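This report describes how the parts of one protein chain meet. Please look at the structure below before reading on.

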Amino acid sequence: MNIPFNKIYLTGNEIKLIEEAFNMASVSGDGYFTSRVSSLLEEKFHIPKVLMTTSATHALDMSMQLIGLETNDEVIMPSFTFPSTANASILQGATPVFAEISQNTLNIDPDDIERKITKKTKAIVPVHYGGVGCEMDRIIRIAQEYNLYIIEDAAQGVNSKYKDKFLGAWGHLACYSFHGTKNYISGEGGALLINSEDEELIERADIIRQKGTNRNKFLKGEVDKYTWVDKGSSYTPSDILMAVLYAQLQHLDIIKEKRRKIVCHYIDNLRGYLESGLLKGMTSVEDYQDSNHHIFYILINKEASRNKVISKLRDFGINATTHFEPLHSSSMGQSLGYNLGDLPITERVGETLIRLPLYTDMTIKEADYVIHKLDKILKEI
Ligand SMILES: *Cc1c(COP(=O)(O)O)cnc(C)c1O
C-alpha cells in the first residue's frame, strides 16, 4: 500500500465555480466570489470583518503594519511555528521574542509569555498548532493587564473552536490560511480577520491591501477617483481562487468530520503506547478544544530513532514527516542571538515529533495499515 502524507480533497464543485467566475469576467481581486467567501467566513465564525488575502503570510504582514510596530518593539510568539510568523514582525523592524510551548498541546505557554514581557513588548502572537486552540482566555487576560495586542496565527485553525469561540475570533487581529496543504484550500490564499467594528481600522486595512490606494472608497462610489493615500502592497487574491475556496467551504463541516474520524481512530489505537512509554506524546483533543484536526502527530521516545522510524515507515510505503525546525535554533534565529538550549521543550519536540499521514478522504483501512506498521516498528526499536 502507498500512503501519501497529504492529499488534496475536492468537493466536486471547484471547476463549475471557476467557470462561473470566468463567465462573469470576475477574475481580479474583490469580485463576486471574494465577497461570497468573506461574508460566509464572517457569519460562520462570528468575525466582524474578513478581508481575503493572497496568503496567511500576507495577512500577518498586514497585521503587524496595522498595529503600528516600530523599530525596537518586541512581539512574543512561539519558536515552534512557521517562519512567516516571525518574518512579519521583522519586516516592520521589530524583534520576535520566542516563548516556550506546553508539552501537551505544543502551543505557547502563557506563563512563559508573562516571563518574556518587557517595556518594549507590543503584541503576542498565539499560534494554534494543528488546529488545537491556545489558552486564549489566559492569553487575553495577560494582554489586557499589560495593554498588548493579540494577533492570532490561526493559519491552521479554520473551523476550530477554543471553548465557546472560533479560533480567529479571539485576538484583535487574526489570519487564516487556504494554502494547498491546509484543510480548506484555494491553492494559495488567506484571510485577515479584524475583530473590531472600528471603521477607521478597517479602512486602513483595506488601503494596505489595495496597494496603498483608497480604491475601495472609489468602488463604493464615495470618491470619484482613487488615489495613493498610504503605504501598502498587493494582497488581494484572484476571484478565480476564491471560486475554488467557495466550493471548498460548501463542505466546511463534512471535511472536519471526515478528519475527526481518522484522528480519533489514530488516538484510540495508539493511546496504549503513551502508557507503556513507547511514545512521549501525541495529538490530544480535550472536550473544550473543538479541533479541525489539521495534524496528527506523535512524539517518540528517543531523538536518535526518529529518522529510523520515518525511514522504516517509508519502506512500507507510508509517508510520514517531521515538522517545524524551531525558529530560535535556525540560522536566522541564531543571528537574532538565540542559542541551542534556550527553549528545551521546543527543542525536544522539534527533534522527536513525527506527523503521520492525514488527509480528508483517508480511509480507516489506510489508517489501520499505518497503525499496524508503526506498531511493528516501535516494538523493534
Ligand atoms: C501555513 C502556515 C502559515 C503560512 O500560511 P500561507 O497561507 O502559506 O502563507 C503561517 N503560519 C502557520 C502556523 C502555518 O501553518
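## The interface between the domains

Across the interface of domain 1 and domain 2, the rule finds 22 residue pairs in polar contact, both residues being at pLDDT 80 or more. A polar contact is a pair of N or O atoms within 3.5 Å; within protein, one must be able to donate a hydrogen and the other to accept it, and residues adjacent in sequence count only if both atoms are side-chain atoms.

The model is predicted: local features need pLDDT of at least 70, side-chain atom pairs count only at pLDDT 80 or more, and totals for chains, interfaces and linings use all residues. Residues are numbered from 1 along each chain as its sequence is written, and side-chain values use heavy atoms, with hydrogens and water left out.

The table gives the bounds of the two domains, which come from an automatic or database domain assignment.

| Domain | Residues |
|---|---|
| domain 1 | 14-249 |
| domain 2 | 252-380 |

The C-alpha centres of domain 1 and domain 2 lie 26 Å apart. In contact (heavy atoms within 4.5 Å) are 40 residues of domain 1 and 34 residues of domain 2. Between them the domains bury about 3,300 Å², with 58% of it on carbon and sulfur atoms. Buried area here is the accessible area (1.4 Å probe) that two parts lose on being put together, summed over both. Phe80, Phe98 and Asn183 supply 19% of the area that domain 1 buries against domain 2, more than any other three residues.

The rule also finds 1 salt bridge across this interface, a salt bridge being a side-chain nitrogen of Lys or Arg within 4 Å of a carboxyl oxygen of Asp or Glu. Lys44 forms a salt bridge with Asp253, where the closest N and O atoms are 3.1 Å apart.

Helices (H or I, at least four residues) and strands (E, at least two) are DSSP runs, numbered from the N terminus. Buried means under 20% relative accessible area, exposed over 50%, and partly exposed in between (1.4 Å probe, protein chains only).

In α4, the buried residues are Ser84, Thr85, Ala86, Ala88 and Ser89. These residues pack against α3 (56-66), β2 (74-78), β3 and β5 (149-153). After α4 comes Gly93, with a positive phi near 85°.

The loop between β3 and α5 holds Asn107. Asn107 is buried, its relative accessible area being 2%. Beyond its neighbours within four places in sequence, Asn107 is in contact with residues including Ile101, Val127, His128, Tyr129 and Cys134.
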